[in-house]
Amino acid sequence: MSQGPRSGLAAVSSALLAMSRHLEMRDVLKTIVASARELLDAQYAALGVPDDHGGFAQFVVDGVSDEQWRAIGPLPRQHGILAAMLHEAKAQRLADVRKDPRFEGWPAAHPDLADFLGLPIRDGDEVIGALFLANKNCPKPEGSCGFTQEDEELLSILAQHAAIALTNARLYERSRELTIAEERSRLAHELHDAVSQKLFSLRLTAQAAAALVDRDPVRAKGELHQVATLAAEAADELRAAVVELRPAALDEDGLIATLRTQTRVLDRAHTARVTFTSNGFRALPAAQEEALLRVAQEALHNALRHSGADRVEVTVDRRGSGAVLRVTDDGSGFDPTAVRRAGRHLGLVSMRDRASGVGGTLTVESVPGKGTTIEMEVPGG
């Protein structure tokens, strides 16, 4: 018996240390869930971060394979026991979750859960997550819960520290977003100053050449050579600025993580439901990943600002050695044949340019009143 408390304390200490090593939200969530499942010796663990639309902005599981998770389908909504944890903000310890009157079922591919222990994760009065475990690995008499009061107390300690870790991760993400915004602003100012000076010189030199072309063709020719030089320098500075403006998150996190983060932010900021899924994606050349990101951002902007959509779905899937991006909405749609007017208004021309610039293709399917699908395919490296 004397080994129990020491072992439990060591396990809790290991879990807390693991949480403190991460700042990225997704890493923090995964660490919390894995630590909780190991600490309480459960078959399954999950943690959901609620959104403001009755669903979850993020939902992480441990004990379920990737294949099982894909088969289960969309993220759960805030109902049943999950809703009770979020809205009643108290622990839920059940001998059999399936027999609880609040139980509302689950998808066919969902693992079968029996005994259940769940706790809200709170930051002050705000519930910022729901952490739960199921199917404790221990002998259980029929109708009894494998999770004990001691388990609940251990999970409560973990949940309190999880709240700190999640809050720190949210602050880190906001700080990084502000840093990126400040860096963009700085670069924009530098770009404006440098290129404006070059263009001003270019204009004056061109005017001088025009004034000299009749009375002193030799000098005019020299001025035109200077025009060409200034134009080349301006183009070089623009290219350098574009390289420097490559999204920092794309360099650090890759395309999939960047798109996942951005769609979550948009989902929280808009009334429309914005979702993201990816299957089998492999890293692509930097130029292709940036083009995919920019097209996704433009398509999302159109869907959320102009279409009146209730749902926008973003998917990135592997196709051969390359990838295909789809942004689909259920909004008002438009007539794709009206290219001159609608195409320019919705940025379709620039999207096609981005796609062709990296050897890819862009297709647009839309019907007035029936939504829009924008698909971009790139060949890979």
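In this predicted model, helix α10 is followed by G359, whose phi is positive, near 80 degrees. Helix α10 spans residues 348–357 and lies across β9 and β10, two strands of an open, mixed five-stranded sheet. A further open sheet, also of five strands, has antiparallel pairing.

**Helix α10**

- The direction of α10 makes about 145 degrees with that of β9.
- L348, M351 and A355 are the residues of α10 to note as buried. They lie on the same side of the helix, because the arc they cover around the axis is only 60 degrees.
- An α-helix has 3.6 residues a turn, so residues three or four places apart point the same way.
- D353 and G357 are exposed and sit on the face of α10 turned away from its buried side.

**The mixed sheet: strand pairs**

- Strands of a sheet pair through backbone hydrogen bonds, either parallel or antiparallel.
- β7 and β8 run antiparallel and are joined by eight bridges. In this pair, V316 stands opposite L325 of β8.
- The hairpin of β7 and β8 has two residues between the strands, and G320 there takes a positive phi near 60 degrees.
- β8 and β10 are also antiparallel, with seven bridges between them. T328 is placed opposite T373 of β10.
- β9 is joined to β10 (residues 372–378) by six bridges, again antiparallel. Here T363 faces E375 of β10.
- β8 is mostly covered, with six of its eight residues buried.

**T372 in strand β10**

- T372 belongs to strand β10. Its relative accessibility is 8%, and it therefore counts as buried, the cut-off being under 20%.
- The side chains of T372 and S366 make a polar contact of 2.8 Å.
- Leaving aside residues up to four places away in sequence, T372 touches V327, T328, D329, G333, F334, V364, E365 and S366.

**The antiparallel sheet**

- The order of this open sheet is β2-β1-β5-β4-β3.
- β2 (56–62) and β3 (92–94) stand at its edges; because each has a single partner strand, one side of each is left without a neighbour in the sheet.
- The twist from one strand to the next averages 10 degrees here.
- Strands β1 (residues 42–50) and β5 (residues 126–136) run antiparallel and share six bridges. A46 has F132 of β5 as its bridge partner.
- Helix α2, residues 25–40, lies across β1, β2, β4 (116–123) and β5, at about 40 degrees to β2.
- Helix α4, residues 80–88, packs on the sheet as well, touching β1, β2, β3, β4 and β5. The direction of α4 makes about 140 degrees with that of β5.

**Nonpolar cores**

- In soluble globular proteins, nonpolar side chains tend to be buried together.
- The largest nonpolar core has 35 residues, of which V312, L325, L362 and M376 touch the most other members.
- Elements giving two or more residues to this core are α7 (248–269), β6, α8, β7, β8, α10, β9 and β10. The largest share, nine residues, comes from α8.
- V312 touches R273, V274, T275, L300, A303, L304, V327, T328 and D329, not counting residues up to four places away in sequence.
- Another core, of 29 residues, lies apart from the largest one and has V33, L39, I128 and A163 among its members.

Key
Residues numbered from 1 in each chain as written. Predicted model: local features only at pLDDT ≥ 70, side-chain atom pairs only at ≥ 80, totals over all residues. Heavy atoms only, no water. Pairing = 2+ DSSP bridges. Helix = DSSP H or I, 4+ residues; strand = E, 2+ residues; numbered from the N terminus. Contact = heavy atoms within 4.5 Å. Axes fitted to C-alpha atoms, helices over the stretch in contact; angles between N-to-C directions. Buried < 20%, exposed > 50% of the residue type's maximum accessible area, 1.4 Å probe, protein only. Arc of directions from axis to C-beta. Polar contact = N/O pair within 3.5 Å; in protein donor to acceptor, adjacent residues only side chain to side chain. Core = buried A, V, L, I, M, F, W, Y, C linked by side-chain atoms within 4.5 Å.
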